[in-house]
Amino acid sequence: MKKYLILLTSMMFSIGIWAQLQDPVHFEVRQKRISDAELKVVFSAKIDAGWHVYGTDIADGGPTKAELTIETQEGLEPKGTLKATGQVHRAMDDLFGVEVSYMEGNASFEQDFQITGQAYKVSGYLTYGACNDRSCLPPTDIEFSFTGEGAKQAAKENEKVAEAVVESPELQETECVADTVLEDSVAMDNSLVAKLWTPVIRELQTYDSLASGTKSSTASLLTVFLLGLLGGLAALVTPCVWPIIPMTVSFFLKRNKDFRGRGIRDAITYGLSIVVIYVALGLLVTLLFGASALNSMSTNAVFNIFFFLLLLAFGASFLGGFDIQLPSSWGNAVNRKAGSTSGLLSIFLMAFTLALVSFSCTGPIIGFLLVEVSTSGGIVAPTVGMLGFAIALALPFTLFALFPSWLKAVPKSGNWMNRIKVSLGFIELAFSLKFLSVADLAYGWHILDREVFLSLWIVLFALWGAYLIGWIRFPHDEDEYDEQGEVVVNRRTSVIRFFLSVLCFAFAIYMVPGLWGAPCKAISAFAPPLSTQDFKLGTQETKAAFRDYEEGMIYASENHKPVLLDFTGYGCVNCRKMEAAVWSDSKVSDIINGDYVLISLYVDDKTPLPEKEIVSENGQQRTLRTVGDKWSYLQRMKFGANAQPFYVLVDNEGRPLAKSYSYDENVSAYVHWLRQGLSNYNEK
């Protein structure tokens, strides 16, 4: 039994490390003979969904571009420079202020060579950068080494494709271990050096699992369920559903008036049928798209444009522009089938008829719900969301069947339901802009920068308040008539509408300072990042005290302060977003500047090390050529992660004080994380 527990623990630990170490790009290298005197070195890559690899033509100061470094060159000469030969996309990156090129799905780079000797030998490495919407990999080297004959063996060489040699001959001649990195550190006590570089993956994994394990997953699904429940309650009080409730319940009770228990059974079956129908819809979405497609939706610009147009159409429909309806023949056919059958099947078909005839009201809500939970990337989320929606929609049919006297207290349908429908239209329009913003950022159109987004939201919520107060009306709003049949304009406003309109106007005013750079934290998850805004009155600045690991740790130890390790990169887009949206907040900057020693370690720092260093990692030798290579190795070896941004709170011996933190622009969560680390440090 003990052996199985040890095995299970080891497997869970390994899975935790794998989750941190990301490997979304898979390269293959080969040489290709073009003629007796020419050859190509071809780098081909498969890229996981949601990730992209940057091209070769990116200006200085931008993200990590693809570059080729030749270390050994005998009997041949390069022709031209490295070329990106895959399907290259181009976009303007507002954070760096340069145009970037990138490839998704597949990437391909080629370097031409002219053979000048009877034999040739070439070796070197390709450096590339990769990012997704939440993190970036450090600059990664793909090494190659090829040899061959010149014109004498050209015929033979044309028939084969040599695979890349993983290790350069130079690496085999050098014997060195990871301790070489430590020997180059600043002069420190050897025992302290050992502690600073000792891996703490297991300790960090313990913090991470406690903070974001099953509880977090459960909380996320609970949020999706509650969102679905809220959508179902909203659909319940629309003109397509509300009037059907008393008619349907009365039908069941009258049909079985001599057997009230059977009427209750039929109503309960009717409610369960509604749940089955909508949950099946959630399962269908999951099966059609699958986990990988749902994950890619959140970053795919085409999908986000489609979702924007879909929600825009739904919003216009709710405002009264037009009705979205399924063909009436569908509902009639199902209704006839329900009438010609008996038993549980007829009740199920009646529930299916409800789903069809109420589509003009429930469709936009279901569409918004599925769009929102699908782009969150969870494979179970659509089903859980539909479960919440269906329960809210089915519950009244069951409750009124159990307690028929409640039907007398049900308010009659009227213009109040249309106001709810119009209000949902305003919500759909507001959230549609969120998806357009994602596409705008992806393509670099700059048509929906932060101030434009806020301006539209301010107008939408102000108009919503004006509608609730009665200042504007839409096509489906009913007129009131006097005894002579003349239209009477009712200027009276109910207390509920008054308070709701106050909330709408207050929220619109709350967003106004955001036009001048205020953080507006309540909408930070929806609005474009602060970096897209042209005008900002002023932001709090947070600067790293050190860019060297050992030097910063010495200072922290001497001053008895905890350390915030910031694994970042000059070309890391999401690192800049975190600095602009989170570090600029006064609460965050005050804690970092006052209570921590901030050490920023740039994994793409091209400063050469005094000497190349060979380290042993996972049974293979790796060459550390630059300062960035050293910090990237530190992140992998000590913390078991390789994506940026990556933040770790450590004590003066390099041991973690809290879970790691990645890309998340939630300022409150970041402040809580910093305070938790500070509290744990003070308790030691």
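**Helix packing and aromatic pairs in a predicted model**

Colleague: At what angle do helix H20 (residues 586–595) and helix H22 (residues 667–683) pack?

Modeller: This is a predicted model. The axes of H20 and H22 lie 9 Å apart. Their packing angle is about 25°.

Colleague: Is H20 roughly parallel or roughly antiparallel to H22?

Modeller: The packing angle is about 25°. Angles under 35 degrees count as roughly parallel. Therefore H20 and H22 are roughly parallel.

Colleague: Which residues of H20 and H22 make the contact, and what is the hand of the crossing?

Modeller: H20 contributes Lys587, Val588, Ile591, Ile592 and Asp595. From H22 come Val667, Tyr670, Val671, Leu674, Arg675 and Leu678. The crossing of the two helices is left-handed.

Colleague: How do helix H16 (residues 450–469) and H17 run, roughly parallel or roughly antiparallel?

Modeller: Their axes come within 8 Å. They cross at roughly 165°. Angles over 145 degrees count as roughly antiparallel. So H16 against H17 is roughly antiparallel.

Colleague: Which residues of H17 meet H16, and what is the hand of that crossing?

Modeller: On the H16 side, the residues include Leu454, Trp457, Phe461 and Trp464. In H17 they meet Arg497, Phe498, Leu500, Ser501, Cys504, Phe505, Phe507, Ala508 and Met511. H16 passes H17 in a crossing that is left-handed.

Colleague: How many aromatic pairs are there?

Modeller: Rings pair if their centres lie within 6.5 Å. By that rule, the count of aromatic pairs is 28.

Colleague: What kind of pair do Phe507 and Tyr510 make?

Modeller: Their ring centres are 6.1 Å apart, and the planes stand at 15°. Planes under 30 degrees apart count as stacked. So the pair of Phe507 and Tyr510 is stacked.

Colleague: How far apart along helix H17 (residues 495–511) are Phe507 and Tyr510?

Modeller: Both residues belong to H17. They are 3 residues apart, so the separation is about one helical turn.

Colleague: What are the relative accessibility values of Phe507 and Tyr510?

Modeller: Phe507 counts as partly exposed, and so does Tyr510. Phe507 is at 22%. Tyr510 is at 35%.

Colleague: Which residues form one aromatic cluster with Phe507 and Tyr510?

Modeller: Phe507 and Tyr510 are members of one aromatic cluster.

Colleague: Which residue lies over the face of Tyr125?

Modeller: The distance from the ring centre of Tyr125 is 3.8 Å. The residue over that face is Arg625.

Methods:
Residues numbered from 1 in each chain as written. Predicted model: local features only at pLDDT ≥ 70, side-chain atom pairs only at ≥ 80, totals over all residues. Heavy atoms only, no water. Phe/Tyr/Trp six-rings, centres within 6.5 Å; stacked < 30°, edge-to-face > 60°. Helix = DSSP H or I, 4+ residues; strand = E, 2+ residues; numbered from the N terminus. Buried < 20%, exposed > 50% of the residue type's maximum accessible area, 1.4 Å probe, protein only. Lys NZ or Arg CZ within 6 Å of the ring centre and 35° of its normal. Axes fitted to C-alpha atoms, helices over the stretch in contact; angles between N-to-C directions. Parallel < 35°, antiparallel > 145°, perpendicular 65-115°, else oblique. Left-handed = near helix turned anticlockwise from the far one by under 90°. Contact = heavy atoms within 4.5 Å.
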